[in-house]
Structures are given as C-alpha cells and as structure tokens.
Amino acid sequence: MEEATQALRRGIDLGRQWNNTESLTGGYTGLARVRLAQGDAEGALAALDELITALPQPINPLAERGLATVRVRVWLAQGRLEQVIRWRERAGLGPEDEPTYLLEPEYLVLARALLAEGRTAEALKLLGRLAAVVEAGGRRGRLVEVLVLQAVALCRQGQDGAAAETLVQALALAGPEGYRRTFIEAGPEMTNLLRRSPSPYAQQLLQALSGRPAVREAGVAKEGLPDTLSEREAEVLQLLTAGLSNQEIAERLIVSLNTIKTHVKNIYAKLGVESRTQAIARARQLGILVYGLSANP
C-alpha cells in the first residue's frame, strides 16, 4: 500500500507540474481508493476534496459525476445511507435503466446503493443488464465486480446454490488477474461464500480478509469504542441493519435461532443498547462500519 501511495503521489506531482487533468484525476481517485482500503474513509474523502481544488474550474460535468461515484463508495463503506440515497435521487439513475459504457461505474455504484437499501431484487435486475453489457465489451475487471455483487444479492435472497455458481464464475475470472479488492469489500455474505468454496483462490482471499482493517469514521476516540465484537457478531449486526429477522439471519448463516439470539444479546450488551434500532444507531454514532466492527475481520 505504501508503494502504491508513493507512486500515486508522484503522478499527482507530475499532474500539477504539467497541469494534466487526467493525471490529477487518476492520482487522487487512486489515492482515495488506497486510503479506503486502509480503513481511512475520511482520508479518502480528503483526497477527493484535494482533487476538486486542483482541477481547473468549472469541472467537466462527466468528471464531476465520476468523482461523485467514488465519494458514494466511501459513504457506503461508512454506512452513510442518507447521503447515498440523496446521490441516487440527484443522479437520475434507476434500476430499470439500460446501462451504457460511459455510465457503467455509476450503475455499479447504484447497484451497491440498492443493496445497501435492502432493494435486492431491483439490484439483481440491474446487475443482470450490467453483466450483459460489460461481458460483451470484454471488460473483465468490471465483470468480476458485477458477479461478486450478484453473488451477494443472491445470497441475501436465500439462493445459495445460484450464489455459489456465480462465485465460481467470479473466481475463475479473478484468479489469473489477481483481483482481490472487490471480494474483500463485499461483506459477510461473500466471506461465507468463500469459506464454502473449494477454490484455492478463495482460500487466498480469506487470508487477505483476515488482515483487512476496519473502516471507521474520523473523530471517534478509541476509548469511546465498545468491547470488540467478534467476527460473527459483526456479521449479525450487518444483517440486522439490512432488516433481516433473527430467523432469517439464522437461515442465512446456517446456525440455530437460539445461537442468533445469543449473538444479538451479546451485541446489545457490548454496545450498551436494548433494541436493534438502538444498536444500529449506536454503531453509526461510534463511526463503526457494520461490516468492519471486529478488530479482526
């Protein structure tokens, strides 16, 4: 990560020296993604703010839309659903649209937003159309991202067999190219799918997941955090946030209802709350991302 940061900084410096908009945009957005991968969401947003000040004004509308999609990815990582919904409403994109090449990044973020809102069926329809467009264009990296999101959505619908088949396709494309970040950022459903996969590359991804830093909001003192949630408790809280009942969570994680009730009780105790609404609010107040609550995800 440090080498990547240094290379991006050199590109940014050259972009400033030559007033090259493409170098500045690529450098700062790349820096934002690196910081997000390191768990520094506020640092990622700061990099995007730096880019806005560095670009010639007024900013090209298409470039501005591209910046917005990167910013929304950070908000999704932070659990800032209200900002994400406002972006979706302003962007004028819908799940019934036919995606075009230039707007593929925005539609991918829209699919992520729909999943975060619990609109899984709509996300799946959009991802199906995206998959057709991306595959026809031979854009392998983007297709991996679509397949990963499809697998997560299918898992949320309880279609575990279809989710596993979709994961097989994603791993077959990702392994030779070494794509990892999309899997690592996909949340607890993907972690569970990878655990059940016999693929050697799935095992590599699980090892990468074990060292993934949690994403936290800035300004939260460490002493203000609750007792660390276990990996399983973090997964349960993620699914609670998605609106699933205890029974649905038990079925999703393939454990008993009593086990889930115990996890929920422990979550409440560690967060110092008495209901799921309070638990979600408390987690967001502390700046803890629901899929990254554990110190050892």
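**Salt bridges and helix packing in a predicted all-chain model**

R88, E117, R119 and E122 are linked in a network of salt bridges. A salt bridge here is a side-chain nitrogen of Lys or Arg within 4 Å of a carboxyl oxygen of Asp or Glu. E117 is partly exposed, at 21% relative accessible area. R119 is also partly exposed, at 24%. The classes are buried (under 20% relative accessible area), exposed (over 50%) and partly exposed in between, with a 1.4 Å probe and protein chains only.

The model is predicted: local features need pLDDT of at least 70, side-chain atom pairs count only at pLDDT 80 or more, and totals for chains, interfaces and linings use all residues. Residues are numbered from 1 along each chain as its sequence is written, and side-chain values use heavy atoms, with hydrogens and water left out. The pLDDT is the predictor's confidence in each residue, from 0 to 100. Its mean over the protein chain is 83, and 88% of the residues reach 70 or more. Residues 216–226 have pLDDT below 50; this stretch has 22 contacts in the model beyond near neighbours in sequence. Residues 289–297 also fall below 50, with 33 such contacts. A contact means heavy atoms within 4.5 Å.

The protein chain holds 16 helices and 0 strands. These are DSSP runs (helices H or I, at least four residues; strands E, at least two), numbered from the N terminus. Of the 297 residues, 49% are buried. Among contacts with a separation of 6 or more, 63% join residues 24 or more positions apart. The accessible surface comes to about 14200 Å², and carbon and sulfur atoms account for 50% of that area. Areas come from the Shrake-Rupley method with a 1.4 Å probe; for residues, only the protein chains shown count as cover.

The whole structure contains 15 salt bridges. Side chains of opposite charge can pair when their charged atoms come close. D49 lies in helix α3 (residues 41–54) and R71 in helix α4 (residues 61–78), 22 residues apart. D49 is partly exposed at 40%, whereas R71 is buried at 18%. A further bridge joins R65 to E106, at 2.9 Å between the closest N and O atoms. R65 belongs to α4 and E106 to α6 (residues 104–116), so the bridge ties together parts 41 residues apart in sequence. R65 is partly exposed at 31%; E106 is buried at 5%.

Helix α12 spans residues 200–210, and its buried residues are Y201, A202, L205, L206, A208 and L209. They lie on the same side of α12 because they cover an arc of only 160° around the axis, taken from the directions from the helix axis to the C-beta atoms. The face turned away from the buried side carries exposed P200 and Q207. Cover for the buried residues includes α9 (160–177), α10 (181–184) and α11 (188–196). S199 caps the N-terminal end of α12, with a side-chain oxygen 3.2 Å from the backbone nitrogen of Y201.

S197 sits in the loop between α11 and α12. S197 is buried, at 11% relative accessibility. Its side chain reaches the backbone nitrogen of S199 at 3.2 Å. Beyond neighbours within four places in sequence, S197 is in contact with L167, L171, A202 and Q203.

Notes: Polar contact = N/O pair within 3.5 Å; in protein donor to acceptor, adjacent residues only side chain to side chain.
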